[in-house]
Structure formats: C-alpha cells, structure tokens
Amino acid sequence: MTAATHGAGAAPALSVRDVSHSFGSRKALDGVSLEAPSGAFTALLGLNGAGKTTLYSLITRLYQNRSGSIAVLGHDVRRDPAGALSRLGVVFQARTLDLELTVLQNLLYHAALHGLGPAEAKRRGLALLERVGLEARAKERVRALSGGQMRRVEIARALLHRPSLLLLDEPTVGLDIGSRRALIAEVRRLIADEGIGVLWATHLVDEIEAADRVAVLHKGRMLFSGDVAALRDRAGTDDVGAAFMAVVTEADAAAPGASAA
Amino acid sequence: MSATEPLSPSPAAPPDDRRLTFGGYMIALYGIVWREGLRFVHQRGRFLSALVRPLVWLFIFAAGFRAVLGVSIIPPYETYVLYEVYIAPGLIAMIQLFNGLQSSLSMVYDREVGAMRILLVSPYPRWHLLLSKLVAGIFVSLLQVYAFLLVAYFWDVQPDSPWGYLTVLPALILTGLMLGAMGLVMSSVFKQLENFASVMNFVIFPMFFASSALYPLWRIQQASVPLWYICSYNPFTHAVELIRFALYGQVEWTSLAVVAGCATVFLVAAVFAYDPSAGLTARRGGPDAAK
C-alpha cells in the first residue's frame with residue numbers, strides 16, 4: 001500500500017471509486033465515486049430512494065461492493081475490513097440504542113465490539129458524554145431520553161473508538177429545529193477540533209454551509225461532487241436548494257428513458 | 001501487514017495500531033455476552049415464561065398422562081421411571097429450543113431496530129461476532145435450564161446421581177449450540193417478525209412433537225412406521241437423547257454425532273448467510289433496503 005504521508009498525499013477520510021450495486025435486476029448504484037476529505041463536512045444530498053442507504057451499507061460492509069473500491073483513510077473495505085471498520089464511526093438513520101440499558105451501558109457495549117476494555121471505555125465514554133452535554137444522564141436508561149439526546153448519545157458512541165471518518169445517515173430526521181441546530185453545531189465543532197472527516201447524508205439543504213463539500217446522488221448516479229460554490233455556479237443560482245433541484249431535473253430531462261421505479 | 005505501518009497522522013487518528021488482538025477478540029465476546037445477560041435480567045417476563053412453560057408440562061401434563069403413558073425400562077433407565085422423569089430431558093431441550101429461536105427472534109428484532117447494524121460494524125470478523133452471539137444465547141439458556149432443574153429437584157425429578165447435573169453440562173452446551181445456530185440461520189432467512197412468529201409455530205411444535213421428548217421411539221414405531229422414521233431423523237430427538245443419557249452420566253454416541261454434525265452444518269450456514277460477500281443480506285438487499 002502506498003505510504004500515506006503528511007499534506008497533499010494523505011489518504012482522504014473516505015474514498016469511493018466507481019462503485020455499482022444491484023439488487024436483482026434493479027441497479028441501486030451506478031458507477032458512484034465520492035471523496036470525503038479529513039477535517040471537512042461533506043454533505044451527501046439525495047432524494048428518497050437515491051441510493052444513499054445502499055451506499056452507506058456498502059461503506060459499513062453490511063454487504064460487500066462487487067465493483068469499484070471503497071477505502072476509509074486508505075484502508076480498502078474489501079481487502080482490509082478490520083482496518084477500515086476500526087476507523088469508521090456510524091450514526092444510522094434508525095435509532096440503534098438499546099432502550100432498556102443505561103446510556104453508559106450502551107457505550108460500553110459498543111466499545112467492547114471494538115475491543116476496548118471496560119475501564120478505558122468508561123473513561124472515554126464519560127469524557128464524550130460530557131462533550132455532548134449528557135454526562136449527568138450516564139446512569140439513566142436510554143428510554144428516558146428525548147430524541148435529540150439519543151442522537152447525541154449515538155454520536156458519542158460513534159466516536160468512542162476514535163474514528164477518522166464519521167458517517168451520519170439523515171441524523172436530523174424527527175428532531176425539532178432546536179435539536180437539529182445543536183446537533184449540526186456539535187458535528188461541526190468535532191470537525192474543527194478533531195479534524196475528522198464527516199459524510200452527512202440528508203435531503204435538507206439548509207443543513208449545508210458555504211464552505212462545505214457537496215455530493216449529489218440521484219437514482220443511483222453521482223450527478224455532482226465538489227464544493228458549494230461550484231454547485232451554485234453550475235446551476236447558475238445562489239440558492240443551494242434551487243441548485244440541487246436544477247441538477248436533478250437536468251439529469252431527469254437528459255434520461256427520459258429511465259422510467260419511474 | 002501494511003496496515004500496521006504508521007498511517008497518515010491525521011489529527012483524528014494519532015499514529016495508531018489497530019490490529020485485532022486476541023485480547024480484543026475476548027473483549028468483544030465478553031461484551032456481547034454481557035449485553036445479552038443484561039437484557040435477560042431486564043426482561044423478567046422472558047425468564048419467567050421460560051421457566052413456567054416446562055413446569056406446566058411437568059406438573060400438569062406429565063401428572064395427567066402418567067397413568068396413560070407407561071414407559072418400560074429402556075436405557076439409560078435401569079428401573080421403571082415416572083413419566084415426569086422421562087419427559088424432563090425433552091423439556092430441557094424445549095427450553096433450549098425456545099431460547100435458541102427467541103434469541104434469533106431478538107436478532108430479527110435487532111435487525112429491524114438497527115442494533116444488528118451496530119454489531120455488524122464491529123471490525124471483528126463476522127464468524128466471531130456470530131459465535132459470540134451464540135455463546136451469549138447458550139449462557140442464557142443454561143441459566144434457564146438449571147433453574148428448571150432446581151424446581152424439578154423438589155418435585156422429585158432427579159438424575160440417579162448428583163453428578164448428573166455436571167455431566168449434562170457439555171451436552172447442554174452442544175445442544176444449545178445446535179439449536180442456536182439453527183435459529184441464526186432462520187433469522188437470516190426471514191426478514192419480518194410476522195414471518196418469524198409463524199415459523200415459531202411451524203418449527204417448534206413439529207420438532208417437539210415429532211421427537212422422543214414425550215414418548216419413547218419404540219412406542220411411535222408401534223403406532224406408525226413413517227412417523228417413526230421422521231422422529232428418528234429429527235435432530236431434536238437426538239438433542240433430547242443426548243441430554244437424557246448425559247443426565248445419567250452416559251454418552252449416546254449416535255446422538256452425539258448427529259447433534260455435533262447438525263451444529264456444524266447450521267453454524268457454517270449461518271456464517272455464510274451473514275457473510276458480506278456471499279451472504280443473503282447482499283442478495284436480498286439487506287435488512288432495511290428499499291422494500
């Protein structure tokens with residue numbers, strides 16, 4: 001493997017190259033490429049059914065990519081799954097905390113799955129809970145928390161094993177506007193403080209800021225990948241939402257043969 | 001391995017060595033068993049029903065049928081035994097059967113709520129995670145079986161020597177492994193809870209009744225030869241017999257071979273079903289892919 005070095009040569013937090021995936025005859029992903037650099041917020045924009053969940057399943061190795069390559073910080077998911085998964089933190093769209101267990105127990109379980117012993121896990125877990133403002137709730141059952149608090153616990157959990165890449169799949173679904181803002185601010189602080197790479201799947205354009213990177217996934221194809229300014233330029237509008245829709249509409253118009261699924 | 005070279009020292013990942021160590025494997029195993037144990041403690045209803053179900057059979061069914069179903073002297077018994085004593089091994093196997101399917105039911109549930117996803121993003125290999133899950137299930141089933149044996153003891157249903165409580169342990173681990181692995185395979189095949197509920201009916205009852213759990217095989221042979229064939233090929237029969245002989249400090253070699261063989265087959269099938277490259281998850285679009 002090429003030695004990753006400082007600066008320009010460093011492997012990106014996530015690199016997806018020319019990945020396709022089909023379920024039976026239905027092509028869920030078609031030649032998708034994407035890069036999420038370290039220390040940056042990359043938004044994966046897509047409407048429902050665009051293939052975001054399939055892409056996340058492949059990155060997290062729920063099933064394996066048959067074509068193309070996926071690498072986390074230079075570690076190929078297929079050839080070196082342990083190296084890739086140990087550098088990856090995930091917050092799934094569905095809530096994945098055990099409601100019957102306490103907040104801390106949930107964190108300890110996850111830490112054990114990454115080979116972290118209880119003492120070290122507890123130390124890290126409490127520090128992370130403090131960071132997300134929930135250290136006082138450590139001994140409470142998860143059931144007693146609000147939706148926004150659960151999400152913050154899930155983020156703390158995803159960071160326990162100190163990943164280089166944090167994947168979030170529509171993390172703000174079902175949250176009120178206050179919790180949404182707090183969550184986004186928290187993740188942006190993480191990027192600034194820890195320099196991790198973040199891939200944030202969403203269909204809500206107001207979660208994107210001017211300095212972010214954007215990837216537009218539509219019907220299994222990557223229509224655009226670059227920074228926000230480039231997306232605006234391409235669509236000729238200042239509004240990110242309008243630019244997103246313009247790119248999507250343009251693609252639909254160009255491929256009339258693709259009948260609605 | 002190239003993975004152990006100092007990696008790009010990104011600020012998030014200080015020069016780190018993330019090889020999977022033996023200690024790490026053990027921590028992951030411990031963590032999975034620990035969580036299953038915690039869940040078990042929290043779900044008192046589950047424990048209670050696991051205990052009450054066989055006791056109902058023992059106290060009521062066996063008492064009622066004691067007079068109807070005479071059991072002659074067959075190995076490993078050296079004297080006439082009460083019907084309660086005869087069906088106790090079958091009830092133990094039933095506890096394990098329920099537990100095996102229930103813990104895979106919890107996997108189906110886990111998969112729907114996504115907790116399964118958390119398990120599967122662990123960097124440890126799938127076979128280790130599945131095996132750990134099985135060990136956790138066996139651990140819980142042992143707690144249930146010994147609780148049942150304790151109650152049965154006071155009902156005068158006991159092995160011929162106290163050593164039986166010890167010699168049955170390896171048999172219980174093996175039968176627990178077989179039934180748990182069977183549940184794992186089923187959990188990978190069935191996607192929805194409704195399906196699974198009916199599978200419980202289509203699997204548990206036929207397996208239990210078409211076995212030597214409630215009546216000796218020679219009795220079935222007298223009644224119906226085809227049924228006798230079914231019963232003697234039913235792996236559950238061999239689980240019951242393995243437990244029955246082990247309680248009396250003996251080994252039923254045929255049953256041992258069948259149970260060990262089935263456990264291996266189910267285990268391999270489960271690892272295959274959950275394998276990310278070959279498995280059913282990829283082919284079917286995964287747990288929560290678009291319907």
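This is a predicted model: local features need pLDDT of at least 70, side-chain atom pairs count only at pLDDT 80 or more; totals for chains, interfaces and linings use all residues.
At 31% relative accessibility, D252(A) falls into the partly exposed class. Its salt-bridge partner is K219(A), with N and O 3.3 Å apart, and K219(A) is likewise partly exposed, at 45%. The K219(A)–D252(A) pair links distant parts of the chain, 33 residues apart: K219(A) belongs to the loop between β9 (213–218) and β10 (221–227) of chain A, whereas D252(A) is part of helix α8 (residues 240–254) of chain A.

Since E250(A) sits in α8 of chain A and R234(A) in helix α7 (residues 228–235) of chain A, the pair ties together parts that are 16 residues apart in sequence. As for solvent, E250(A) is partly exposed with a relative accessible area of 46%, and R234(A) is also partly exposed, at 41%.

Now for R131(A), which makes a salt bridge with D193(A); the closest N and O atoms are 3.1 Å apart. What does this pair tie together? R131(A) comes from helix α4 (residues 118–131) of chain A and D193(A) from helix α6 (residues 177–194) of chain A, so the bridge joins parts that are 62 residues apart in sequence. The two ends fall into separate accessibility classes: R131(A) is partly exposed at 27%, while D193(A) counts as exposed because its relative accessible area is 51% and the exposed class begins over 50%. Over all chains, the tally comes to 25 salt bridges.

Chain A also has an open sheet of 4 strands, running in the order β2-β1-β4-β5 with antiparallel pairing. Its edges are β2 (26–36) and β5 (75–76) of chain A, each of which pairs on one side only. Inside the sheet, β1 (residues 14–23) and β4 (residues 69–72) of chain A are antiparallel partners over 4 bridges, and S15(A) stands opposite A71(A) in β4(A). Packed on this sheet is helix α1 (residues 52–59) of chain A, which touches β1, β2 and β4 of chain A and points at about 115° to the direction of β1(A).

Chain B is another story: its secondary structure consists of 12 helices and 0 strands. Of its 291 residues, 53% count as buried. Among chain B contacts between residues at least 6 apart in sequence, 76% join residues at least 24 apart.

One helix pair in chain B can be described in some detail. Helix α6 (residues 164–189) of chain B packs against helix α10 (residues 235–247) of chain B at an angle of about 165°, their axes being 7 Å apart. The two are therefore roughly antiparallel to each other, angles over 145 degrees being counted that way. The crossing of α6(B) and α10(B) is right-handed. Which residues meet between the two helices α6(B) and α10(B)? On the α6(B) side they include G164(B), V168(B), A171(B), L172(B), T175(B) and L179(B); on the α10(B) side, P235(B), F236(B), A239(B), L242(B) and I243(B) are among them.

Methods: Residues are numbered from 1 along each chain as its sequence is written. Chains are lettered from A and ligands numbered from 1 in the order in which they are written. Side-chain values use heavy atoms; hydrogens and water are left out. Two strands pair if DSSP finds at least two bridges between them. Contact means heavy atoms within 4.5 Å. Axes are lines fitted to C-alpha atoms, for helices over the stretch in contact, and angles run from 0 to 180 degrees between N-to-C directions. A salt bridge is a side-chain nitrogen of Lys or Arg within 4 Å of a carboxyl oxygen of Asp or Glu. Buried means under 20% relative accessible area, exposed over 50%, partly exposed in between (1.4 Å probe, protein chains only). Angles under 35 degrees count as roughly parallel, over 145 as roughly antiparallel, 65 to 115 as roughly perpendicular and the rest as oblique. A crossing is left-handed if the near helix is turned anticlockwise from the far one by less than a right angle, and right-handed if clockwise.
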